[in-house]
Amino acid sequence: MSRFACCLAAVLAMIAAAPAQAALPADPLGSPMWQRLGKTLFGDAPVRFDPRVRVIFPDIAENQRQFPVAIDARGIVGVKRILLFADLNPIPLAVDYTLDAAQPYFSTRIKLDQRTPVRGAVQLADGSWLVSGGWIDAAGGGCSLPPISRVKGDWAEHLGEVRGVARWGTGGMRIRLAFRHPMDTGLIDNIPTYNLEEVALTGGEGRRFGDLRIEASVAEDPEFTMIVDASQNEEVVMTGRDTNGIDYAARLTPAAAAAPR
C-alpha cells in the first residue's frame with residue numbers, strides 16, 4: 001500500500017471513530033433561531049425538552065425594558081447550571097448561573113426587543129441539558145432604548161449602589177440583590193456596551209454557593225433572587241464586577257422568615 005493510501009486510510013479511520021454530533025431536537029416553539037442558538041449554547045451535549053424546567057413569566061410584556069422571569073427546576077435532581085435566554089433578542093443570553101451549594105432557582109428581569117421565545121435551560125451532572133419556555137409578545141425596542149437613568153442623567157450618581165436581603169426559611173436561604181447600573185447594550189448611538197458582568201455568592205467561611213455570569217440583555221438596575229443552602233445564621237458574602245472593572249461587595253446577615261398565619 002502506498003504512503004498516500006496509508007495516510008488516507010488513517011484519516012478515514014479517525015473520522016469513522018469520531019463521535020457523531022448530537023442533533024438538536026425539533027423545537028416545539030418553532031423558533032427560527034433554535035438550531036443556531038442551540039448549537040452555540042449547548043455544543044454537542046444532549047438536549048431534550050422537559051416541562052419540569054418551569055419558566056415563569058407574565059402573559060403580557062407590559063414593559064419591554066423590565067420583563068420579569070423566574071426559572072424553577074427544584075423538581076429536578078442534579079442541576080449544576082441554569083441558562084436564561086430569549087431567542088430573538090440581539091443579545092439572546094441573559095444569565096448563565098453556575099450552582100454549587102444552591103437550589104436550582106433564580107429570578108431576574110430582562111429586556112425584550114421583539115416577540116420572542118423566552119427559555120430556561122438546566123444542565124445536569126452528566127452534561128446533558130433540559131429546556132423549556134414559551135413565546136411572549138412584546139412591543140419591541142427594549143434592547144435598543146436608552147436606560148431611564150441615562151435619560152435622566154443621574155446614572156453616575158448611583159452607579160455601584162447595592163441592596164440585599166437574606167431571609168432563611170425551610171427551603172433554604174432566599175437571597176435578593178438589587179444593583180444600580182445602566183446595563184447598556186451597545187445598541188444605542190454613542191453609548192458603548194457597559195453591564196454588570198459577574199456576581200458570586202459565598203458563605204461566611206468561604207463556602208461557594210453559586211456564580212452568575214450576566215449579559216447586557218438583563219434589565220437596567222438588575223435584580224436577582226436565588227435560594228442557597230446556607231445554615232440559618234450563616235452570613236452570605238456577595239462579590240461582583242462590571243465590564244469597566246468596578247468591584248461590588250456586600251455582606252448579608254440573614255433575617256428569620258415570617259411565621260405563617
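This report describes the fold, strand pairing, aromatic contacts and selected residues of a predicted model.

## Model and confidence

In this predicted model, local features need pLDDT of at least 70 and side-chain atom pairs count only at pLDDT 80 or more, while totals for chains, interfaces and linings use all residues. Residues are numbered from 1 along each chain as its sequence is written, and side-chain values use heavy atoms, with hydrogens and water left out.

The protein chain has a mean pLDDT (the predictor's confidence in each residue, from 0 to 100) of 87, and 84% of its residues reach 70 or more. Residues 1-20 have pLDDT below 50, and beyond near neighbours in sequence this stretch has 1 contact in the model; contact means heavy atoms within 4.5 Å. Where pLDDT is low, the predicted coordinates should not be read in detail.

## Overall make-up

The protein chain contains 4 helices and 16 strands. These are DSSP runs numbered from the N terminus, with helices (H or I) of at least four residues and strands (E) of at least two. Of the 261 residues in the protein chain, 48% are buried. Buried means under 20% relative accessible area, exposed means over 50%, and partly exposed is in between, with a 1.4 Å probe and protein chains only. Among contacts in the protein chain with a separation of 6 or more, 65% are between residues 24 or more positions apart.

Strand E7 (residues 116-124) has 9 of its 9 residues buried, so it is largely enclosed by the rest of the structure. Both of its faces are covered: one side carries Thr-116, Val-118, Gly-120, Val-122 and Leu-124, the other Pro-117, Arg-119, Ala-121 and Gln-123, and all of these are buried.

E7 pairs with E4 in the antiparallel sense over 7 bridges; two strands pair if DSSP finds at least two bridges between them. Val-79 has Leu-124 in E7 as its bridge partner. E7 is also joined to strand E8 (residues 129-136), again antiparallel, by 8 bridges, and Gln-123 has Trp-129 in E8 as its bridge partner. The hairpin of E7 and E8 has 4 residues between the strands, and Gly-127 there takes a positive phi near 95°.

## The E9–E10 hairpin

Strand E9 (residues 162-169) and strand E10 (residues 172-179) run antiparallel and are joined by 8 bridges. The hairpin between E9 and E10 passes through 2 residues. Arg-167 stands opposite Arg-174 in E10.

## Aromatic contacts

A pair of aromatic rings is described by the distance of the centres and the angle of the planes. Here, rings of Phe, Tyr and Trp (its six-membered ring) pair if their centres lie within 6.5 Å; planes under 30 degrees apart count as stacked, over 60 as edge-to-face and the rest as tilted. The structure holds 8 aromatic pairs. Phe-42 and Phe-85 form an edge-to-face pair, 6.3 Å centre to centre with 70° between the planes. Phe-42 lies in helix H2 (residues 34-42) and Phe-85 in strand E4 (residues 79-86), so this pair ties together parts that are 43 residues apart in sequence. Phe-42 and Phe-85 are both buried. The ring centres of Phe-57 and Phe-67 are 5.6 Å apart and their planes are at 50°, so this pair is tilted. Phe-57 is in the loop between strand E2 (54-56) and strand E3 (67-72), and Phe-67 is in strand E3, 10 residues apart. Phe-57 and Phe-67 are buried too.

Trp-34, Phe-42, Phe-49, Phe-85 and Trp-129 are linked into a cluster by ring pairs. Separately, Arg-115 lies over the face of Trp-135, at 4.3 Å from the ring centre. A charge sits over a ring if NZ of Lys or CZ of Arg is within 6 Å of the ring centre and within 35 degrees of the ring normal.

## Loop residues

Asp-87 lies in the loop between E4 and strand E5 (93-99) and is buried, with a relative accessible area of 1%. Its side chain makes a polar contact with the side chain of Ser-31 at 2.7 Å. A polar contact is a pair of N or O atoms within 3.5 Å; within protein, one must be able to donate a hydrogen and the other to accept it, and residues adjacent in sequence count only if both atoms are side-chain atoms. Not counting residues up to four places away in sequence, Asp-87 touches Ser-31, Met-33, Trp-34, Leu-37, Pro-92, Thr-116, Pro-117 and Arg-119.

Asn-190 is in the loop between E10 and strand E11 (196-203). Asn-190 is not a glycine, yet has a positive phi of about 70°, and it is exposed, with a relative accessible area of 80%. Asp-221, in the loop between strand E12 (208-214) and strand E13 (223-228), has a positive phi near 50° and is likewise a residue other than glycine.
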